[in-house]
Amino acid sequence: MSRIYFQPLRILRALSALMTLGLFWAPGTAAAQACDSVPRATLALYDGSREGEVRNTRIYRFAEVVLNYLGQVVVYHDISRNAPPEVDPADVGLVLSWLDEPVAETDGFAGWLAQDGAFCNGGPRIVAFDDIEFWANLPPELSARAMGAMGIQTDGVIYAAGVSAAVSAKDEDLLDHEADFLIRPGDYRGVTALPAARPLLQIDAQGVSIALAVIGPAGGYVHGGALIEPGTQGRAAWIVDPFGFFEAVLQDSAVPKPDPTTLQGLRTFFVTVSSVGWLDVMPAEVFGEAQQLASEVLVERLIAPFEDLPITVAVLAGDLSPDLGGPAAERGRQAAIQALAAPNVEGAAQGFSDIRDWSFFAAYDPNREAEMLVAPEVAEEGQGALVSSAMQTLRDAFADTGASTFSRTPGAPRKYATAPFDLEQEVGGAVDQVNALSGGERPVGLYAWSGDARPFEAALEAAERTGIGSMGGGGGVMDAARPSVTGLWPLSAQVGRHRQINDALGGDTLYTDYWTSALYGFHGFRETLRRTEEPRRLRPFQLSFAARTMIHFETRRAVETFLELARSSDVAPIRASAHAAAVRGFLTARITAEGPGLWRIRDRGALQTLRLDRAKGRALDMAASEGVMGARRKGDSLYVALDPGTDAPLVALTDSDRPGGVVLGSAAPALLASRPVVESWSRSTCGVALELSGFAEGDVTLAAEPGAEYGIAISGVNDDRPRAMVASAAGVLAIRVPAAPGGLRGLSVKGGC
């Protein structure tokens, strides 16, 4: 490996001068403005010439899920283009690089970073993962300021670390998080921590101390060898604690975090059913028994028995055309009509031709597709599950499926290719066809991305033109075999100027390797649910499976088990489109400080929850808040429920360690948790009035004056005859409210003042 030198004297002299003048990026730097809104954007720098698109980068794959949890919206910039980032500096609170090679040109980014007056609150915090030469190659003043923010300096020398190298300092709180740090013999850049920094990891080699992880005054640095342990079979693990590291860098635990995992104090729950296998035939259990399609089993054994839970069912328009789906198409169509007629079902469109490889159609060439479909089958090693054994398994299910290309070419980029690809037919046209199944009475609520779920920019734009949300891709797993948070994907993916909303969790295909491994493996999903709830709620409870899962007893029983679990768990059942809308609200929300412990929330869309971390001594002040329903504690976090009818709520916090997390300020109750969805909320001096929706009865739990008596009236039950109810000694009212499927149920709770 060649040695690279950084012009150390130039950098060290500039660093020394700037340390003397106190000009590091940090809160209080005079050059930057004090902005109204909290800068929530993390500018992620990547090298597109080496990493390709955003979804291939290590920041997206590993770091963004952590930053999302901490309330950050990650915006990507390809520094290989040597152009300034297309993001307002006032929105950026953190700049993060994760590079493994130098980038030659830095002028475009340097010019953007030099706009001191355009940044907020002292300028962005700076974090460098792995290679730091990009930062060293900036103009001397910018380079020194960035290094100072990270808390490091370099002598520009490369040192060889062999078997004699040893760990000389390690912060046990932030290292050896999911995997232990081990010194890897090789070349290490001479980096040391500045006096004002917090060194996390240091090794000694050749008589020199080398810093591998540092938290600086306004940023941080982690060497590549202290970041991720690659593991085997893609089972990576964090060496440094990414949550603790970024929390220490951002220093914003007092700022509320928009949180799309929670609604009304409860973890959200939703179901997504993919169209894959809609026309698959379930083997007869008894000789001579009529065979059922997977979609027919879905309606009979799942949708009807679980009518108390909302279920989002995706339909592939092409499956329902006899010219494409074959003899089973009409039965599949009738199953779709029955499914979409159920009150608890939200319809979704999953396209027309079942795209499996979206990138193939980004620059579509019909001749290339035709050649692929007539070419002899060749099983190429390393083509992935969708092109090899899993696609072979799918092909076996299509005994008589008309125009399915998978029966001839398992690696085909889409299922139906009898006509050239048409993006409008694939997106807007498919939505119209699925809408027609209900006569327009039950409009489609979601577009579900099929196949690899990596739509190109024009496809996302087409989905936006439909006026409904879209979702798919991402997800992930975090179980006993794959226990790392690296198994999870971010909330969304930046694709050009658009955003793809990801699934929250992976489903049956991940646990059964596309039905090629043990089918009982889907029961392992329970462990992912546990690990993404404790010690921190990282994800909602999304149960995701394909129609094909219905034809196998093992996977069908797993689905039934998890639906029964949802019935008995503390969750808020919602439609999948509501989760997608909440994530969009996460991306757009603006948070403004209006005083100590006072936060105004704007542009949040359908996002209804804020989370305060490290809040054991803090509580929600209902009297000083506006447009807020209540709050609930989970561990040392406080989840604040916003009024869905208020555009710009004001969240007021006060010092209190009350177990419920709410200081009432009057006799009127506040919300702790609600399983039914609160559609409207009104709080007066003495009581509250709510309108609720849902498909099953559920508890509305309120914080109230301990031992106080309240009059409870429920519409359609005891409208004119409120029943008396006394709050517990802990100040809790738990009210069971019956369901009003397809409508609203009113609840009135009045105190005696």
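This report walks through a sheet, a helix lying across it and a disulfide.

What you have here is a predicted model, where local features need pLDDT of at least 70, side-chain atom pairs count only at pLDDT 80 or more, and totals for chains, interfaces and linings use all residues. Residues are numbered from 1 along each chain as its sequence is written, and side-chain values use heavy atoms, with hydrogens and water left out.

Let's start with the sheet. Eight strands form an open sheet in the order β2-β1-β3-β4-β10-β9-β8-β6, with mixed pairing. β2 and β6 are at the edges with a single partner strand each, so one side of each has no neighbour in the sheet. On average, neighbouring strands are turned by 20° against each other, direction ignored. Strands (E, at least two residues) and helices (H or I, at least four) are DSSP runs, numbered from the N terminus; two strands pair if DSSP finds at least two bridges between them. Angles run from 0 to 180 degrees between N-to-C directions, using axes fitted to C-alpha atoms, for helices over the stretch in contact.

| β2 | 73–78 |
| β6 | 166–170 |

Helix α6 (residues 140–150) lies across β4, β9 and β10, at about 85° to β10; contact means heavy atoms within 4.5 Å.

Now the disulfide, a pair of cysteine sulfur atoms within 2.5 Å. Cys-35 is joined to Cys-120, S to S 1.7 Å. Cys-35 sits in the loop between α1 and β1 and Cys-120 in the loop between α4 and β4, so the pair ties together parts 85 residues apart in sequence.
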